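Please have the sequence and the model open while I talk.

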Amino acid sequence: MVIGSRYLTSQLPTLMGSPKNIRNLCIMAHVDHGKTSLADALVASNGLINKRLAGRIRYMDSRKDEIERGITMKSSCVSLAYNKDQQDYLINLIDSPGHVDFSSEVSTAVRLCDGTIIVVDVVEGVCAQTKVVLQQAWVENIRPVLVLNKIDRLILETKLSPVDCYYHIAQVLEQVNAYMAELYNTALLGKTAHEIEKYQVEERERKVSERERRASESGDANTDLLFSDWGIETEDDSDLYFTPEQGNVVFASAYDGWGFSIHHFANQFATKLGMNKVVLNKTLWGDYYITTKGGQKKIVSGARDKRKNPLFVTLILENLYKVYDTVVTRKDMPETEKLSEALGVKLPMSVAKSTDTRSKLNFLCGSWLPLASAVLDMVIDHLPSAADMTEDRAMKLMCSATQRFDSLPSESQKLKDAFVKCRSEDEDPLIVYISKIFGVQRKNLSNSTSSGKRAVATGGAGLLSAEEIASRREEIRRRREENAANSEQKASSGERQLTPSEIEELQKQQDKMAEDREKAEAERKKWMEDEVFVAFARVYSGRLKARQKVYILGPKHDPSVVLAQLGDGKQLSEENVEAFKHIHICEISDVYLLLGRELEQIEYATAGTVVGITGLEDYVIKSATLSSTYAMPAFTELTLNVTPILRVAVEPHDPRDLPKLRRGLKILNQADPCVQVKLQDSGEYVIITAGEVHLQRCVDDLQERYAGIPIRTSDPIVPFRETIIPPPTVDRLNEAIEGENISQKKPANGDPLGVVEVSGHYGKLRCRAVPLPEQVTKLLEEHQDLLRSISKIGAVVNTSDNINEKEDKSDDITEGSMSGSDQGSTMKMGALVQALENREKLNQETFAAIQDLKKKLDKAFKEAGNEWENAINQIWSFGPHGSGPNILLNCIQSYPRPSIWENSTSVDSPLAAYDTNFVTGFQIATSAGPLCEEPMMGVCFVVEDWSIEPTDSSSEDAGANSVSSGQIISLAKDTLRKAFDKQCQRLVCAMYSCVISVTSDVIGKMYSVIGKRQGRIVDGDITEGSTSWNVTTYLPVVESMNFANELRKSTSGEAVPQLVFSHWEILDIDPFWEPHTTEELAHWGEKSDKENLAQKYINSVRRRKGLAVDEKIVEFAEKQRTLSKNK
Ligand SMILES: Nc1nc2c(ncn2[C@@H]2O[C@H](COP(=O)(O)OP(=O)(O)OP(=O)(O)O)[C@@H](O)[C@H]2O)c(=O)[nH]1
Ligand SMILES: [Mg+2]
């Protein structure tokens, strides 16, 4: 029975006290499989919405665009009360989006949960996103239960007979379980025999304890005995799988508001038919049927072989079919009344007389088989409570996969117990994780007048009073006067005199800037009046009170560094916290219960609950850890399953609004877990999103909420890569290039290898570019993080780390201003060294991974041929940014430099001094290739010779003769670029992969849309048991704009693609191709007038970047002249 109601939300805080009775869970599924509709039913059970509207209103979709488009775009939480077996439970339910563009929102939800409801549309079956969410649950170690939704569609739409319906559902269930088995097997594959054994023992123990718990709860201790009485084999089926008999599967129609588990019917029939409940539980799903032998009812197995209807059909589906047939298909009023009586449901007059048969059915079935209690009973029985946190999971949350838990400081290790105990006494440490922060309309906060405003005011630069604004104006005026006085002083002190008009101009500029700033502030003030930032958080241990002071630990916080520097006995206070840029001390404002569209203020939150926190907007970007101790390591980073790939530049319609745009971008960056906001070298503000729908949401948010100004977006900026390939052996007509056919355009110096040699007064350099073996490029692509740490190992002695750090900062416009003053450099040397040692210790496993990568690379090189024999030990650097898929190879005889795998030692060579300069040149060269200044990929630069003219130290102007580092950088950059230019160049396109499910009648239209956009079909298979096809395609990102819309239009809305970034693929078209072999000349003539796709892409990128484009504006000048003559 459900105890909650609209008026009982006040009871919710009292339910928080007992973590054993708290369940934190999220609903996950493929897009449109019915998550939000299911959430409706559960929300209605607490009276937040009317039961009759459940399944239709989609309460959790609160944004305007969500309602308009009918898809969920963010995860949102609602706290519900539920009563089962005289126990009160608190259920924090998070609805997540299914569209792939928003899968980062799913990650933020999963992190706060212990369990998940996986929803599968029985008509569509297991789809791409279903697999992704199952995998996500697996990786995050959270327990799933299953809801098979939309069973009404099988009855009404596909019109399957009850038996076919049963076999169809069984097949879908099989698909889900097959994928679970796949996950299980791949997880085991990577483990050693010992680990597998340990894992299995743990699983077995967990299962036994769970079974005991359930048995003690239900009082059916002698289950096995009863089974043998009935002649049924008992088998310990691993509860890895979803099996109705275990009760972790609910059959439902969220739209019609009904749902049931096998147990529900087992209970009913046990009393009605006088059968054993336990046996019914085992046999209601499966190959069992009922016979009457000798006047006695008996359940026997083998229904399929004997062509009998299984129990599920005879006892359950046939009844359901009858209800649908009577109420919806035949609309038989008297029969409906009889039915409702038989089912024990009393139809109110308004419903009985209604002509809307679907709502009648909703009422009838919703009362007969209430969906909320079926799902919530399953949740309580099968999902772990907040108190069931295992040590293993706690360790995974505290320590990333590349670290070892036992290498954390002992103070930090002790905190593991706090997770497991999940207690909220005063002496328990406070541990809270914030997975995202989001804007809420102030009117939705329960007491908006007082707390909401204070929430912002205490957060720092929040609301300004009239006096504050006046004092700021005064301050600006004073500074302006000071500046004017200064400039006058300077002018009088003999520097160049400014003319009065120049001074006036300067003043005007300053006035304008001050005005801009004021406007931006006023804009922010207006925004803060309407909206407030709420952090989406879970309390893992301790008690979080309103207005409590806490440490805010950024994602890069490392307790070993802090503890090492503070030393024994020292405490972190508000004064010395400034020295650590990843720690802040802050007083939070208020704590809120999340109730879907509204928030209810509470005094405090205890361990195990999911709540909202205000007052953190000036400290938290995207995610953070709150704690009462700085020994708490930052929670491990969320695994985002989606790569943001779609970039657009944004600018305000009115250039004067730029400050507002900056403000808006800052808020957007803070509030969206997946978006990236960057200021490019060209001065453009760029946002990078996961896809078109995500982009639209970001732009809408910027326009309507965060910046509040009209915004213009550029055409999407699609990333490309540039690479080289071995010279082709056949021409475009597939004729071998040999003999007479050989191109006249040979490399200028006639050197087939394309060696570039430059020599000048500063020395000599000889190098060439070679395509990297495909396997090597792939490995480098996959292990970018590891390559970055390889550079970082070197960074302890080298300076390459600084380059990366600088880059990070200049890229991210929000970083500098949010992280406070950067005083890390004031760290004491001793403490720093120790912290670095600690870090090295932490990374033992990373070192192992690096060795592993080295081995794999070596193998890939050796397989590629003899010329790569010793390549692994000659690697000088990876680029661009020290971690990209390009290699600099040192084959210089006279410079035996240690490879990148070894810590650098001093080398006795004049070249050693310029080593880092050369590498910088390589980094710059690889970050922008000659085709269209896009990064290179899969290129190896072999440096064969490099020498520097010895400077004559005896000569007087020795300093002037010596080579400067800038010269070496540009020498390296230019020469490497030239070497690249000598080879056959190709463009590399980013590819989306896309699974489309369509019916066979529109499949042809779908193919034509894909073909038009250079797409490629990789796989197409008919889904078993239906007429729909699952087609997998690859589509270049550059061709994907408006693809979803076009496809939807041409297939009458049947095919809805979801695009996910998949890989990089070489576009096998020579961008500079012209007919030159004999066959080609015969076929195309001197000049081919067919459009060159690669050239088209390159030109569009060059045009966007303002680079020279080699295009003729007038192609056929003669014709034009003739035309004008005729006029
Ligand atoms: N026939 C039928 N339709 C359903 C059922 N459940 C949901 N739908 C419909 O399916 C569509 C999608 O439902 P939602 O609840 O928005 O699906 P969702 O999984 O939340 O979608 P996203 O959040 O966008 O991923 C809506 O049109 C619903 O009316 C059901 O049980 N039966
Ligand atoms: Mg939804």
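Let me begin with Thr-36, which is buried, its relative accessible area being 6%. Please keep in mind throughout that this is a predicted model. Thr-72 is likewise buried, with a relative accessible area of 8%, and I mention these two residues together because buried here stands for under 20% relative accessible area.

What do Thr-36 and Thr-72 coordinate? Through their OG1 atoms, they coordinate the magnesium ion, ligand 2, at 1.9 Å. The pair links distant parts of the chain, since Thr-36 belongs to helix α2, residues 35-44, while Thr-72 lies in the loop between α3 (64-69) and β2 (76-84), 36 residues apart.

The largest nonpolar core has 107 residues, and the members that touch the most others are Leu-148, Phe-251 and Phe-419. Helix α12, residues 311-329, gives the most to this core, contributing 12 residues. If we set aside the neighbours within four places in sequence, Phe-251 is in contact with a list of residues that includes Leu-148, Ile-169, Trp-258, Trp-285 and Phe-312. There is also a second, separate core, made of 51 residues, with Ala-535, Leu-593, Leu-626 and Val-675 among them.

Finally, a hairpin. Strand β21, residues 676-679, pairs with strand β22, residues 685-689, in the antiparallel sense over 4 bridges, and Leu-679 stands opposite Tyr-685 in β22. Between the strands of this hairpin there are 5 residues, and Gly-683 takes a positive phi near 95 degrees.

Notes: Residues are numbered from 1 along each chain as its sequence is written. Chains are lettered from A and ligands numbered from 1 in the order in which they are written. This is a predicted model: local features need pLDDT of at least 70, side-chain atom pairs count only at pLDDT 80 or more; totals for chains, interfaces and linings use all residues. Side-chain values use heavy atoms; hydrogens and water are left out. A nonpolar core is a set of buried Ala, Val, Leu, Ile, Met, Phe, Trp, Tyr and Cys residues joined through side-chain atoms within 4.5 Å. Buried means under 20% relative accessible area, exposed over 50%, partly exposed in between (1.4 Å probe, protein chains only). Helices (H or I, at least four residues) and strands (E, at least two) are DSSP runs, numbered from the N terminus. Contact means heavy atoms within 4.5 Å. Donors are N, O and S atoms within 2.8 Å of the metal (3.2 Å for Na, K and Ca); water is not among the atoms, so sites may look incomplete. Two strands pair if DSSP finds at least two bridges between them.
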